[in-house]
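Biologist: I would like to learn how to read this structure. Where do we begin?

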Amino acid sequence: MLLALIAALPFAGAMMPALLRGAGRSGMTLGCAAATGLAFVLLMTQAPAVLAGAVVEARWVWLPALGLEAHFRLDGLALLFAGLILGMGLLVLLYARFYLSERDNAASFLGYLMLFQGAMLGIVISGNILMMLVFWEMTSLASFLLIGFWHHKPEARRGAMISLALTGAGGLALIAGLLMLGQIAGSSDLSVILAQRDVVQDSPLYLPMLLLILLGAFTKSAQVPFQFWLPQAMAAPTPVSAYLHSATMVKAGIFLLARLWPVLSGTPEWVALVTGFGLATMLLGAWLALFKDDLKALLAYSTVSQLGLITLLLGLGTTAAAVAAVFHIVNHALFKAALFMTAGIVDHAAHDRSIAGLGGLARLMPISFGVATLAVLSMAGVPPLAGFLSKEMLVEEAARTTFAGSGWVLAALVTLAAALSVGYSLRFLVAVFLGPKLWAAPPRDPGAGLLLAPALLALAGLAIGVAPMLLAGDLVSVAASAVTGDPVQAKIALWHGPNTALWLSVAAIGGGFVWLGLEPRLQRLPAAPDAANGFARGLRFLTDIAGRVTSAQSDRLAPMLGLLVLAAAGLGLLAFLTGQHLPGSTALVLPELAPTVVWTGLIAAVIAVPFVLHNRVLSVALMGLAGLVVALGFAYMAAPDLALTQISVEVVTILLLLLALGILPTISVRDVARPRLPQLCLAIVAGLGMTALAYAMLARGAAFEPISAFHIAQSVPGAGGTNAVNTIIVDFRSYDTYGEIIVLGIAALVIAALSEGLPRAPGPRVAHPIIFTSVSQLLFPFVLLVAVHMFLRGHNLPGGGFVAGLVVAIALLMQVMASGQDWTARRMRLNTTMLISAGVLTATGMGLWPMLTGRPFLSSNHGYVTLPGLAPFELATAMVFDLGVMLCVTGAVLLALSSITRLRGEAH
Amino acid sequence: MSHLIIAPVLLPAIIAALILLLPRLQRLLSVIGTAGLAAVSVQLLVTTSHRAPETYLLGNWPAPFGIVLQLDRLAALMLVLTAGLACAVLWHVVATRLDNRTRHFHALFQFQLMGLSGAYLTGDLFNLFVFFEVLLIASYGLMVHGGGAARLQAGLRYVAVNLAGSSLFLVALALIYAVTGTLNMADLAVKVADLPPGDQALIRTAAVLLMLVFALKGALVPLHLWLPGTYAQAPAAVAALFAVLTKVGAYAVLRTTTLIFPTDTPATGTLLMDILLPAALITLLLGALGALGAAGLPRVLAFAAIASMGTLFTAIAQATPQATSAALYYLIHSTLSGAALFLLSDRLQPRTGSAILFFATALAVAGLPPLSGFLGKLMILQASTAQAGLIWPVILIGSFLMLLAFARQGSNLFWTPVPDTDPEHATPLGPPALLLAAMVALTVGAGPVTDWLSVTARSLHGAP
Amino acid sequence: MEMLLASAIGVLTSVGVYLALMRTSFALILGLSLISYAVNLFLFAAGRLAPGFPPIIGGLTPMTDPLPQALVLTAIVISFGMTAVLVMLALGSYLLGGHDGVDEG
């Protein structure tokens, strides 16, 4: 329970700045510090148990299907890191309060910082590798926000992007690696995994998994070849550099290596990769640090080198190396953070961060000088500071290890790196504080606010160096135990007697002075290319390619349709050919003369259209002809209802197109363009495909009895009508029709809505010959009667609500066009909308009615009705539904067409 | 059987009809209708979680002769998701007064919901076509709402593409009816399983064409070209609602491939999934590349939507209960996150509140921790270990590209100095915050949610 | 007879696709309409041919399958609605945009 609280406190602290905005920077910082401080105190309450060797755990169920638990686990290693994160966090908060200027958005800064703190803490006390992944990515994100904090500076934006891209990519590799680890070990629970060393190392997936995990760790901890993001991150404010990019975030990769040490290390792959990359990083970082002019860049490369050092130790795989690694994690954090803070102080005071521009500050800023000296000596590995102790342990281990086939290679290289580190350390101190330099506006020591944190850190380095076992012994021991998996008792002492390590250390210190002396001459060597530029260029290249690929996918319609046709044809063919097809056994119907002639007419009309396309009225006429032939075809093929509907819809469609042509240009040159080859091919392919498919379908009989047998059998007894098609539409499958009339209604609404926003089309108003007006007025009642007749007989003979509705709509439209559209415009819109609504409500109502007696929606009834003087006739409630259909169809068609007619002519 | 099952279809229809009669009350009616729909959907979800799937015989005709509705967990899930999204979108619409720009917005909105509900609940393939048309035509109206030359042009293309798709749907339906003689989905499942070998080729063709129609709706490569232009031109709130329209395509694929054409059916076998998987992976990559390379935030979001559909279809293509459960979780997540980001992008101003929301929702869409997108992605990765060598790199590379894309967008929107454009009309933060809260709930409550989803997935695949 | 129907469907589809792929909205509308004729015929063909046996109870048996006819009826009406919207969009695009092309510019 307490562990969860510790984990949650920094996140709570992240909300403090928002809540305490009114209290100013001090108030907000105090709020955050309270959260961090409380977490630290709570952590300390758990410390005694952990230091005694226990592992404190707390777990809650989160996502069992994934093996993800909210599992917190505090062992020695976690305690060490957590203490570092929280303790350093407090100091950084103090420093930041005084570092940030008035113009900076302190609330955001503090918020991001606390967010990072929570995420980092989450990584180290996670007991479940999947939960660790969650926090891992969050640290990258928080780091992105913090590096880009001064976002008006292009280098800040650039640095943020580079670091996010790199650590993000590493994080994704880590996801794969940890998922694999979880699967090999059979669980995502860390305690379980740590006990599965043999299973994991014997697995055939060990190497790929290791590589992926190392990718994640190395990107985060800026190991070669991914070291270049860290110097770019120096665009962040100094508190960020001190906290994230020296003490905590960059140590996350190292933490991961240490955490998984018991289960991953010991294999030749591990030793070769981890030691090798660590060594390379240690050397490269130290070399580059020697030449940097910017203070923060020097420190950045130094950090890279020191991280390489720790990686190297973890790679060696021995208990003593593990102890050294753990110890150096602490020491490095102490001196590096102190040095970054000092650099920030110098920058603040002297407004210059470059080595060339600084010097002689020892007299002007004595306290800063003192603090810096302590930290620098620790970094250089000079006794009696703590840095000396851990570096000594490193050298000792190196001397004992056989690497690359030789017993002294490693020791030599390590000593070389150590010498370089002495070199750059001295360079820092000498260039900034020593030497003659005249200052026009002499910098001064800052107030206690800025100095307190680095001073404490530097003094801690001294104290630990003098009394290591007393101050750090237990912690290092339990941490190292957690790393190795076996209990370890560290023995750290200032003086081990004169041994190889001591001589090598002395040699290193001496060598450092040599490097310092050589440095001016070496400056003339050509500068190494900055990998960050290469990476940034790579990112830009990637974005370019992405841009080009994306703009190649244009918004043009032809490719969309063409790809659909192509996919349908291609995949359809594939599916057909890979399956069995047996032509049917039913006899084909032989064509007679009349249909064949009509067929010829259809083909001719249709094929003519593309050739006369520029004459649009003619094209529409041909279309009408085609539609007419189709209707004839339906009639011939025993589908009378279809023929009726097809003709009615055809008429309305042609009307619609002619109305449209009153606005669109009637002659268009663009349509005469030469056919494009893909267009032709696709058309032919589509046509052939459909023909073949249609023929295959027609020739083969059905495999099972169709459900329409029921419909035919039940048409009279169940639905009360002899027109089987109509009974299906208004009874058996009335729900389809319900949807269909709503589609029509929606179409009309869309058209009406669109027409309001459009300007009137220019052009003369169509003149209405008097004859047209009178004839249509005369015919109107007769047409209505026809419609009613069609409606009433629809249930038993071809007809029905649709056709009736269409007929009424056409008749009314004639009226409208005859008497002048604008006069009826508003009335028409209101009435038609109400008609549509009435139609929908009627149909819905008729459907709801049977629900009152417990039957489902749209259940129907029918019976015989006897009116005096007439023969008894059958009525079905489905006819009420058909009425709704008719009303809706009428309204919709009227609304749609009248909306379009209104577009023509000048407004009255 | 309870009549409540048809309420999600009838309620919006009646409300829409009333809106047409009483236009002055349209906002009120629409809000009441949407809230009512949400309540009904939740109730249906609760009842179906405790019972076996229910069938409702429309017209009181026995199956398979009439049309049936079927309510199972998947349908209920889609209903609740859609209704919840509709509430957030409606809030945004009212807050930004989008509905005043042209006539009939609320009627179209309600009809859109009706179409969606009808598609989820139907158990008949032709009826699915009809309700697809309902939801499509309503979406045409919503998409061009507000007018403007560019919008109408994009709308023209959107309509044309979908008309072509609908034609393809009819061809597939014709083949299916011609061979099996039925349109009822459950009946089809039985008949397809027992199909004589000589009819296989036609059914295979029909299945593939059907899949293409749904793939078009779900913006699967190579049928994804319509999406960027449409989403970029549609009003932002409408684009947010469209987040669920693509999911209808995924829903339909899931429904047909688990019910009618499962992988163990001799007629089609693994044909559909063999086509689906490579297409899904390519969609993921092209979508992620598009998010990185597109110009302007709306197009970036549109390509991000394509990428998420690719991820979703990758999971569906595995055709196992575990993968389907992960797919459903991801479906919920991607709908909420995509919609939230579209709502937020409507008149986005560089302010602290919108920055935080943008950061959080961009995280969600990119599938980064700690939100549900990350969990969903982990689940999909775990469910695809069988083909991990192919699928994992694609998903992870896609995630990398999305990360870059959103970092770039965030940097351009909030970090590059730009004058503050229009303080009064900034985007309302309430609706996206609501959706974000839903995602947080999805993350924290991932355990119970995935338990429920696994039962759903298992029952879809017919496993106990 | 089956060949007549199948080839008619094929020709309608061919010309329809050809027109739909052209650059003006007018050609697009014509093309999509032709395609819908083709598809309606295809859907109708699913019931197989039985000319002269209309699906009216009391008429000649075995009658044509009424179900595909009902489906086609629905499809015709729905296509009409869609076509009308398409025409409106083409008009609107022309009136606001000044050109009747399908793609911008």
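Modeller: With burial. A residue is buried if 20 or more other C-beta atoms lie within 10 Å of its own, exposed if 12 or fewer, and partly exposed in between; the C-beta atoms are placed from the backbone. In chain A, buried residues make up 57% of the 908 residues. In chain B, 72% of the 464 residues count as buried.

Biologist: What kind of model is this, and how are its parts numbered?

Modeller: This is a predicted model, in which local features need pLDDT of at least 70, side-chain atom pairs count only at pLDDT 80 or more, and totals for chains, interfaces and linings use all residues. Residues are numbered from 1 along each chain as its sequence is written, while chains are lettered from A and ligands numbered from 1 in the order in which they are written.

Biologist: How many helices and strands does the secondary structure of chain A come to?

Modeller: Terms come before counts. Helices (H or I, at least four residues) and strands (E, at least two) are DSSP runs, numbered from the N terminus. Chain A has 35 helices and four strands. Chain B has 18 helices and two strands.

Biologist: How is chain A divided?

Modeller: Domain bounds come from an automatic or database domain assignment. Chain A has domain 1 (1-263), domain 2 (265-543), domain 3 (610-685) and domain 4 (702-908). In chain A, 14 residues of domain 3 are in contact with 17 residues of domain 4. The domain 3 side divides into 10 nonpolar, three polar and one charged. Here Ala, Val, Leu, Ile, Met, Phe, Trp, Tyr, Cys and Pro count as nonpolar, Asp, Glu, Lys and Arg as charged, and the others, Gly among them, as polar.

Biologist: Which elements of chain C touch chain B?

Modeller: Start with the totals. 26 residues of chain C are in contact with 23 residues of chain B. Helix H2 (25-45) and helix H3 (66-97) of chain C are the elements that give two or more residues to that side of chain C. H3(C) gives the largest share, 15 residues. The chain C side divides into 18 nonpolar, seven polar and one charged.

Biologist: Why does Gly745(A) count as buried?

Modeller: Because Gly745(A) has 32 C-beta neighbours inside 10 Å. Gly745(A) is found in helix H31 (residues 734-756) of chain A. Leaving out residues up to four places away in sequence, Gly745(A) touches Ile836(A), Val840(A), Cys888(A) and Ala892(A). Gly745(A) and Thr833(A) are 88 residues apart in sequence, yet 8.7 Å apart in space, C-alpha to C-alpha.

Biologist: And the backbone? Which residues does a cis peptide bond join?

Modeller: Read omega. A cis peptide bond joins Pro383(A) and Pro384(A), with omega about 0°. Pro384(A) lies in the loop between helix H17 (366-380) and helix H18 (386-400) of chain A. Another cis peptide bond joins Ala63(B) and Pro64(B), again with omega about 0°. Pro64(B) lies in the loop between strand E1 (54-57) and strand E2 (68-71) of chain B.

Biologist: What is the phi of His351(A)? Is His351(A) buried or exposed?

Modeller: Phi of His351(A) is near 55°, a positive value in a residue other than glycine. His351(A) counts as exposed, with 10 C-beta neighbours inside 10 Å. Leu858(A) also has a positive phi, about 70°, although it is not a glycine. Leu858(A) counts as buried, with 31 C-beta neighbours inside 10 Å.

Notes: Two residues are in contact if their C-beta atoms, placed from the backbone, lie within 7 Å.
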